[in-house]
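Please view the sequence and the structure first.

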Amino acid sequence: MDCCHYYRSTESGDHLFSIDLSRIRFGPGSLNELAWEINGTGARSIGLFTDSTVKNLELFDVAVRSLQSAGVEIHIYDEVCIEPTDGSFEDASRFAMEQRVDGFISIGGGSVIDTCKAANLFSTYPAAFQTYVNAPLGDGQAIPGPLKPHIACPTTCGTGSECTGIAVFDFARASSKTGIMSRHLLPDKAIIDPRWTHSLPRQVVAATGFDAISHALESFTARPYHTRARPQSPEFRPMTQGANPWSDLLCSEALRLAGQNLVRAVNDADDFKARGAMMYAATLSGAAFGNAGCHLPHAMSYPISALVRNHPPKGYSQETPMCPHGVSVILNAPAAYEFTCKSTPERHLEGASLLGAQAKDIRLNEAGTLLSEHLLNMMQQTGMPNGIKDIGFKSSDIDDLVVGALAQERLLSVSPRKVSEQALKDIYTRALEYW
Ligand SMILES: [Fe+2]
């Protein structure tokens, strides 16, 4: 496709890109239409996945009443934990099999939606756990066919999991985060009701909002799809195919919205307009990275999540050490973009500008610094930690973090600039403390 100067056909590079997307219903009140949506799937025995916090919210009752009016059988699973593991995926899958559900609804953040995807997969095509897990940590086998209907209802403004075919988890047996990826995991429908954001703690809005920003920035700066080798068969074209004209559209709008609304949404719980805009930005950036892909900030975040020892996050119900996904991503991001900007400075400059940075008269060799400084400014305004030192990491931990990041081959392959072991060490060192 030679639609613009950035994407060019080459002899050996891929010559097309694909778009996979859930059917989306967005807006306040959309949750009330759950009955109509579930009836459209034909499912009658529903596995309703959530967590113990969301289950006690008033809007959860709205969803249950809507389902009751549809006359379906409801089996509630409320034991999803934040940052799920292989063990918690297996528990949820067992529940789905025991209850013989023929349709799935997930109501929660990314952890809930990802757990529901896994329960749908393993109850539809039972197999040893590692079968479908990304290689090299798992066997990386293809999912045999379509899954049962899944309606995803996100309650936070960041993960975008309702629009992706990716389920991420902490693979305890391999001491690393990884995922299961397939177009079959993409939820059939997404019901996105911004009313969920009204009661979110500010720390959750910040963490999930920065996750959304990084999905958009990473997709926007990802290696372009035409630079990847042309697949021998369509089945080998990866979902995370690289930046493409369609994901660019979504990223641009997501960045513009997030730049204007994140700080307001975090600092003013009554600014429903800003929180609603962040929910929309998160959906757009989720749909973008589901078709383009994330790279360095996400690859570097997974070992941080796996190795964090003493970060009791405010605003989260979990008491054990845990680093919210969006925090682990954004703490690497300023340093990572300073590194990747050398490959495509014009993209980094445009990303910074969309986010609201003053890009006029900035030279291309200053693009990485501009983007990095703008992100740091937003992080300071929203109470983010000052680098990974603030969440308990020391210089002596960097070698272990690098080993964990190097294992994220799929994400690293989408990076616009090839990253070496030494470069990862340097980026983590820079990310220890920023201001
Ligand atoms: Fe993410």
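The model is predicted, and local features need pLDDT of at least 70, side-chain atom pairs count only at pLDDT 80 or more, while totals for chains, interfaces and linings use all residues. Residues are numbered from 1 along each chain as its sequence is written.

**Domains**

- The protein is divided into domain 1 (29-192) and domain 2 (202-268 + 292-430), with bounds that come from an automatic or database domain assignment.
- The centres of the two domains, taken over C-alpha atoms, are separated by 25 Å.
- In domain 1, 17 residues are in contact with 20 residues of domain 2; contact requires C-beta atoms, placed from the backbone, to lie within 7 Å.
- Strand 7 (residues 176-181) gives the largest share of the side of domain 1 that touches domain 2, namely three residues. Helices (H or I, at least four residues) and strands (E, at least two) are DSSP runs, numbered from the N terminus.

**Nonpolar core**

- The largest nonpolar core has 132 residues, and those with the most contacts inside it are Phe49, Ala254, Ala258, Met278 and Ala281. Such a core is a set of buried Ala, Val, Leu, Ile, Met, Phe, Trp, Tyr and Cys residues joined through C-beta atoms within 7 Å.
- Helix 7 (residues 272-289) supplies the largest share of this core, eleven residues.
- At least three residues of this core come from each of domain 1 and domain 2.
- Leaving aside residues up to four places away in sequence, Ala254 touches Ala212, Ala216, Ala281, Leu284, Ser285 and Ala288.

**Helix 2**

- The buried residues of helix 2 (residues 58-69) are Phe60, Ala63 and Leu67. A residue is buried if 20 or more other C-beta atoms, placed from the backbone, lie within 10 Å of its own, exposed if 12 or fewer, and partly exposed in between.

**Ser175**

- Ser175 is in the loop between strand 6 (166-171) and strand 7.
- Ser175 counts as partly exposed because it has 15 C-beta neighbours inside 10 Å.
- Ser175 and Gly404 are 229 residues apart in sequence, yet 8.8 Å apart in space, C-alpha to C-alpha.

Conventions:
Contact = placed C-beta atoms within 7 Å. Expected span 1.5 Å × (residues − 1).
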